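Have a look at the model below before reading on.

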Amino acid sequence: MKCLLIFIFCFSTTIYGAEFLIKFKKSISKSAIMDFNKNREVENITTPYGGFTLLKSADKILSLELLQQDSRIAYVEPNYRYYPLGRVVSDPLFKKQWGLHNIKRTFFGSKQGADINVVKGWELTKGSEDVVVAVVDSGIDTTHPDLRDNLWLNSLEANGIEGVDDDGNGFVDDVFGYDFVNNRGLENDEYGHGTHCAGVIGASHNDIGIAGVMKHVRIMGLKFFSSNGGATSDAIRAINYAVKNGAHVISNSWGGYSHSRFLEDSIKYAASKNVVFVAAAGNSYSDNDFQPLYPASYKLENVISVGSMSSSGKKSSFSNYGKKSVHLFAPGSNILSTVQLGQYLKMSGTSMAAPHVAGIVGLMLSLKEGLTPSEVKELLIKNSKKSSKLKKRSQSAGHVDAYKVLLSL
Ligand code: CA
């Protein structure tokens with residue numbers, strides 16, 4: 001399992017196979033589109049803001065350049081693949097979640113270290129079951145004892161008939177969310193990455209394992225990774241599902257260096273529905289101001305880009321940064337959380353930092369309903385804990401402070 005997780009730890013997008021996303025010109029007739037589609041395997045992807053075409057298998061001579069020259073096409077992109085931004089670093093030897101409560105032992109006693117200051121924040125709110133946080137990732141172990149009580153539950157599907165779209169939302173058996181890799185209701189997470197992110201956001205506050213940033217939450221699991229990353233088309237489907245099915249926050253611990261107008265459009269749609277989009281800044285040790293990583297670097301009102309810090313309060317060595325393009329930092333080194341098969345593991349990456357912030361956004365929304373994504377972002381930056389160790393690394397010049405931001409509401 002460890003090998004698999006390390007295997008999927010990649011930094012950049014690659015063009016996979018010969019799949020393309022195509023937007024036809026508005027002036028093009030249906031018959032002209034049918035003519036284009038003839039003898040080609042295509043899938044029409046409908047979205048609430050207009051559809052597009054996924055060209056699945058093209059003839060050998062068809063290239064991006066040729067498609068770009070086709071007068072029927074407004075714009076076309078390869079169906080880029082994106083990858084998770086976290087990996088396993090050790091076995092769970094330390095049952096300590098420093099990101100939530102970082103006590104440094106010193107010769108003179110103990111002192112508070114760098115953390116997200118959420119234990120104090122819990123005096124103000126521990127979340128709400130009315131807040132839905134979607135995890136767009138590798139899935140979630142829906143049977144994990146530390147997660148199952150906090151999962152989003154589509155009750156019509158849970159009490160419905162197997163094989164039937166009981167709630168009529170276009171997806172069959174989507175009890176906990178949906179698996180866009182296998183086109184079925186979400187069941188599991190072979191890689192553990194999504195389960196890890198889910199645990200950071202909302203592992204149950206019970207007598208076992210760990211505690212999530214939110215005690216009360218509904219976590220929706222949307223799977224779009226397989227062993228070779230996830231396609232843009234599936235990420236878009238997952239984002240649209242989250243928005244249409246009531247998510248307030250989407251946590252995104254994945255990315256790549258390919259800019260996709262199609263992906264950007266789906267995040268814009270999320271913004272139009274007041275959905276906050278928290279994204280990992282990337283693990284390439286680099287400056288996103290100069291080399292943007294997506295989706296974290298889309299300049300949209302609802303995108304919050306999160307870098308990773310270690311328990312010393314410094315930027316994690318691997319973490320991307322950006323004075324303009326990264327908004328703030330959160331714990332991402334050696335984070336203990338839930339993984340598949342009911343287990344726990346420590347993982348590192350901006351993948352682990354993003355769900356800390358997604359959880360805090362969830363706490364903010366449970367305390368003050370109706371905050372807009374711009375307000376959420378501004379409040380997070382304004383109320384972050386400034387730190388000389390993180391100076392010039394992000395817009396906030398510091399790391400997230402749950403107590404401070406909740407107190408400001
Ligand atoms: Ca359904």
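Is Tyr-298 buried or exposed? Keep in mind that this is a predicted model. Tyr-298 has a relative accessibility of 3%, so it counts as buried, since the cut-off for that is under 20%.

**Aromatic rings**

Tyr-298 also has a ring partner: Tyr-294 and Tyr-298 make a tilted aromatic pair, 4.7 Å from centre to centre with 35° between the planes. Tyr-294 is buried too, because its relative accessible area is 11%, under the 20% limit.

Across the whole model there are 15 aromatic pairs. Another tilted one brings together Tyr-75 and Phe-262, with the centres 5.1 Å apart and the planes at 50°. That pair links distant parts of the chain: Tyr-75 belongs to strand E4 (residues 73-78) and Phe-262 to helix H8 (residues 261-272), 187 residues apart. Both Tyr-75 and Phe-262 are buried.

Now for charges over rings. Tyr-75 turns up again here, since the charged end of Arg-261 sits over its ring. The table gives this contact and one more.

| Charged residue | Ring below the charge | Distance to ring centre |
|---|---|---|
| Arg-261 | Tyr-75 | 3.6 Å |
| Arg-40 | Phe-36 | 4.6 Å |

**The cavity**

How many cavities of 30 Å³ or more are there? The count is one. The largest cavity has a volume of about 60 Å³. Its lining includes Gln-97, Trp-98, Gly-99 and Leu-100, along with Val-200, Ile-210, Ala-211 and His-356. Ile-335, Leu-336 and Ser-337 are also among the lining residues. Strand E19 (residues 335-339) gives the largest share of the lining, three residues. Sorted by type, the lining has seven nonpolar residues, four polar ones and no charged ones.

Strand E5 (residues 81-84) is joined to E15 by two bridges, and the two run antiparallel. Opposite Pro-84 stands Trp-254 in E15.

Strand E17 (residues 303-309) is a mostly covered strand: seven of its seven residues are buried. Which residues of E17 point one way, and which the other? Val-303, Ser-305, Gly-307 and Met-309 point one way, while Ile-304, Val-306 and Ser-308 point the other way.

E17 has parallel partners. Four bridges join it to strand E16 (residues 276-280), and the two run parallel. Within that pairing, Val-278 has Ile-304 in E17 as its bridge partner. Four bridges also join E17 to strand E18 (residues 328-331), again running parallel. There, Met-309 stands opposite Pro-331 in E18. As for what holds such neighbours together, strands of a sheet pair through backbone hydrogen bonds, either parallel or antiparallel.

Notes. Residues numbered from 1 in each chain as written. Predicted model: local features only at pLDDT ≥ 70, side-chain atom pairs only at ≥ 80, totals over all residues. Heavy atoms only, no water. Phe/Tyr/Trp six-rings, centres within 6.5 Å; stacked < 30°, edge-to-face > 60°. Buried < 20%, exposed > 50% of the residue type's maximum accessible area, 1.4 Å probe, protein only. Lys NZ or Arg CZ within 6 Å of the ring centre and 35° of its normal. 1 Å grid on protein atoms, 1.4 Å probe; cavity = no way out; pocket = protein on both sides within 12 Å on 5 of 7 lines; lining within 4 Å. Points joined across faces, edges and corners; volume = space filled by probe spheres on them. Nonpolar A, V, L, I, M, F, W, Y, C, P; charged D, E, K, R; others polar. Pairing = 2+ DSSP bridges.
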